[in-house]
Amino acid sequence: YERLAASQARGGQVSQAMLRDMFKEVQSNTIPSTVLKNWAVRTYQDATYYWAFRKQFTLQIALGAFLEYGMHLTRLGPEMLYVARDTGQIAFNYYRFDVNDTTGDLDANRAVSFRLTPNMVELVSRIGVVGPFTSAIIAASRCAVQPQFCLNGVLKTILCDEIIAWHKRQNEESGQTRGELDNDTLIKMVNQAAAAVMGRLQGFAQLEGGESKVNRHVAAASHVDNLCRMDPAWHPWL
């Protein structure tokens with residue numbers, strides 16, 4: 001933050017190269033990409049237990065990635081992850097729909113689709129990322145959209161509450177009473193939000209020429225040029 005603030009104070013633009021250099025400096029001096037793997041190796045000294053934990057961890061973060069991107073959820077920070085050391089199960093806390101404060105639409109502007117940092121890649125391994133991790137996301141997506149009418153109906157019910165809550169927050173923050181959302185506007189916003197979610201899930205579930213869109217998102221989520229653009233408070237190196 002200090003280097004970014006100093007550069008902006010001088011009137012200079014923060015370039016992609018500068019962000020990449022800062023990202024690699026943090027990795028070199030403070031948080032290397034082996035922190036998470038070293039913790040797992042020390043915790044599970046038996047090879048069988050380590051393998052079982054890594055497999056469960058891989059499937060769990062794949063499900064989290066599927067939910068975060070597919071459902072338009074807020075960014076997954078390290079403080080939102082709770083790992084059960086005896087089972088490898090992961091609890092994702094404080095997830096919510098990423099609703100734009102101004103428009104009420106689901107926010108789709110993000111440098112990376114989901115959390116897949118260098119430390120997570122190092123633990124899961126490259127083979128694990130292109131294998132079980134990617135396959136689990138595709139499998140979860142196909143389960144969600146077939147049959148699609150089940151999820152679509154549930155989504156509209158949940159998103160309706162989210163949009164009403166957003167409208168109430170807008171009234172409270174502005175100090176003005178705009179009245180309730182009229183039914184036509186509410187229905188339109190709910191349908192748009194549900195369609196955005198279903199579109200992402202269907203995109204993950206479909207194969208184009210034997211390839212899935214998941215592969216492109218996985219590659220982008222773990223690429224340093226995209227990770228360095230994330231907020232430092234998200235800890236993109238951890």
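**Confidence and helix packing**

Analyst: Among the elements of the protein chain, helix α1 (residues 2-9) has the lowest mean pLDDT, 70, and helix α5 (residues 118-124) the highest, 96. pLDDT is the predictor's confidence in each residue, from 0 to 100; helices are DSSP runs of H or I, at least four residues, numbered from the N terminus. This is a predicted model, in which local features need pLDDT of at least 70 and side-chain atom pairs count only at pLDDT 80 or more, while totals for chains, interfaces and linings use all residues. Residues are numbered from 1 along each chain as its sequence is written, and side-chain values use heavy atoms, leaving out hydrogens and water.

User: What is the average pLDDT of the protein chain?

Analyst: Where pLDDT is low, the predicted coordinates should not be read in detail. Here the average is 89, and 95% of the residues score at least 70.

User: At what angle do α6 and α8 pack?

Analyst: Axes are lines fitted to C-alpha atoms, for helices over the stretch in contact, and angles run from 0 to 180 degrees between N-to-C directions. Helix α6 (residues 126-145) and helix α8 (residues 183-205) pack at about 125 degrees, their axes 8 Å apart. α6 and α8 are therefore oblique to each other (under 35 degrees is roughly parallel, over 145 roughly antiparallel, 65 to 115 roughly perpendicular, and the rest oblique).

User: Which residues make the contact of α6 with α8?

Analyst: Contact means heavy atoms within 4.5 Å. α6 contributes I137, I138, S141, R142, A144 and V145, and α8 contributes M198, L201, Q202, F204 and A205.

Note on methods. Helix = DSSP H or I, 4+ residues; strand = E, 2+ residues; numbered from the N terminus.
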